[in-house]
Amino acid sequence: MQTAYTVLILLMLVGVSRLIGRVVPLQLPLVQIAAGALLAWPTLGLHVALDPELFLFLFLPPLLFSDGWRMPKREFWHLRGPILTLAVGLVLFTVVGAGYFIHWLLPGVPLPVAFALAAVLSPTDAVAVSAISRNRLPTPLMHILQGESLYPLYDLRTDTIKPLCLLPFAAYVLAERMEVSGILSAVAAGMMQSWLDLLPRQTNTRLLNRSVWSLLEFAFNGLIFLLLGLQLPDIIKAVASHETSLWPTLLYRGLDVVAIFLVLLALRFVWVQSIWRLSVLLRRMRGKGEVTRVPTARSCWLLTIGGVRGAVTLAGVMSVPMLMGASAFPERDLLIFIAAGVILLSLIAACIALPLLLRGIEASPDDKRRNEVRDAWRKTAEAAIHALETEEVNPQDAAQSALAAELKARIMSEYRHQLEVFNDSAEAQALAFQMELLERRLRLKALRAQRLELYSLSRHHQIGDDVLREVLGELDLSEAKLGQVK
């Protein structure tokens, strides 16, 4: 029962933190970390012991599955170059550069362990930066950060071991059994699910999936940061357990964290600016320089500061095994302390720096996306009207034929008044019932015609996945309101 009580308390606190975040001038991840630390205060004394393997299995697959599901595929493909240079090139650059720096700064950390820590600190959290920037980041930069966060290329373990909510776990376990990356398998499963989710006749499934996964994503991200706060006292205690004094030790370790964080920022800025300028140079050499905007210092800093560390980094460092063979994993407590410190610093730096960098940038809507939405609604409406015009009804008499024609015109225009109130006679009630069924059937036919036109626009790459989901979501809701029509 104690475990059940703890889970319920944490879930309740996740919801309460959302309310607190609306009234205090702090971003939600920081509020949740502070709430977790408050719960772990000696007077309250809530303690949660985390098993590394279980932590990795419970948190990483659903979070990465959700990111893969949400990422717009067209934008992912168009930005594949910058995304791959960040997700692969920058990770390797960071592992080597930060790994050697960590080993030099902390000689007690073996070089392989320093490389592992640098790998854990490489993944970014697009959800956290989106919350901090309040969707004011330029759309291409936000898509690059989303795509980068899909590929956390690390695995710190010493050896390897329906309903949609189980799919990421199934993909993870199956990949591990096949001795390939369960992490990347969860990402791939999410990206494939986004394709399957857009198939016809998936209305009820889509509505259920969206509501369930919105809740799960919020709960898992909130639990991650709450658990970080809960672990902070134990992390601090473990780091200072072998030292004679607490505060000098924390001061020196804190300076180590600041130094590592600054090196990570420097490496990321150097990589972003170098690769960006190199890509501009290559495009100019190929004669495409006129369509490429030269990177500004503000853009480079937005991509640098926007690389916030969050749930994936914490899940990765918490998954570090307790033992390596028969001996304890080297400096495991120090690794967790450094990772937790880097997460906190990256969140604080983003909360302070992103609003300053975004100052003067109007939060104007994406014109291309807005035009795609407008065109999608216009073309699907034309398809619906055409379908209604060609619809043949076979009423039993002339009176019903006139009513059916009027009803079709009312649906096509969407500006007519609702059906007139019928009197209480049995005959009028029967007629009203028949007309209601006819209206629902015609509306359903029109909605399905809109959906088919929407799929056609997507297949011909005239709209992106995000536009497709927005319009499709509203069509699904409209169809759900009609209910089952026989």
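## Helices α2 and α15

In this predicted model, Pro-29, Leu-30 and Ile-33 of helix α2 meet Leu-344, Leu-347, Ile-348 and Cys-351 of helix α15, where contact means heavy atoms within 4.5 Å. The residues of this contact divide into seven nonpolar, no polar and no charged; Ala, Val, Leu, Ile, Met, Phe, Trp, Tyr, Cys and Pro count as nonpolar, Asp, Glu, Lys and Arg as charged, and the others, Gly among them, as polar.

Helix α2 covers residues 28–39, and its axis lies 10 Å from that of α15, at an angle of about 140°. Helix α2 is therefore oblique to α15 (angles under 35 degrees count as roughly parallel, over 145 as roughly antiparallel, 65 to 115 as roughly perpendicular and the rest as oblique). Axes are lines fitted to C-alpha atoms, for helices over the stretch in contact, and angles run from 0 to 180 degrees between N-to-C directions.

## Helices α13 and α15

Helix α13 (residues 297–305) packs against α15 (residues 332–357) at an angle of about 155°, with the axes 10 Å apart. Helix α13 is therefore roughly antiparallel to α15. Arg-298, Trp-301, Leu-302 and Ile-305 of α13 make the contact with Ala-349, Ala-350, Ala-353, Leu-354 and Leu-357 of α15. By class, this contact has eight nonpolar, no polar and one charged residues.

## Basis of the model

Residues are numbered from 1 along each chain as its sequence is written, and side-chain values use heavy atoms, with hydrogens and water left out. Local features need pLDDT of at least 70, side-chain atom pairs count only at pLDDT 80 or more, and totals for chains, interfaces and linings use all residues. Helices (H or I, at least four residues) and strands (E, at least two) are DSSP runs, numbered from the N terminus.
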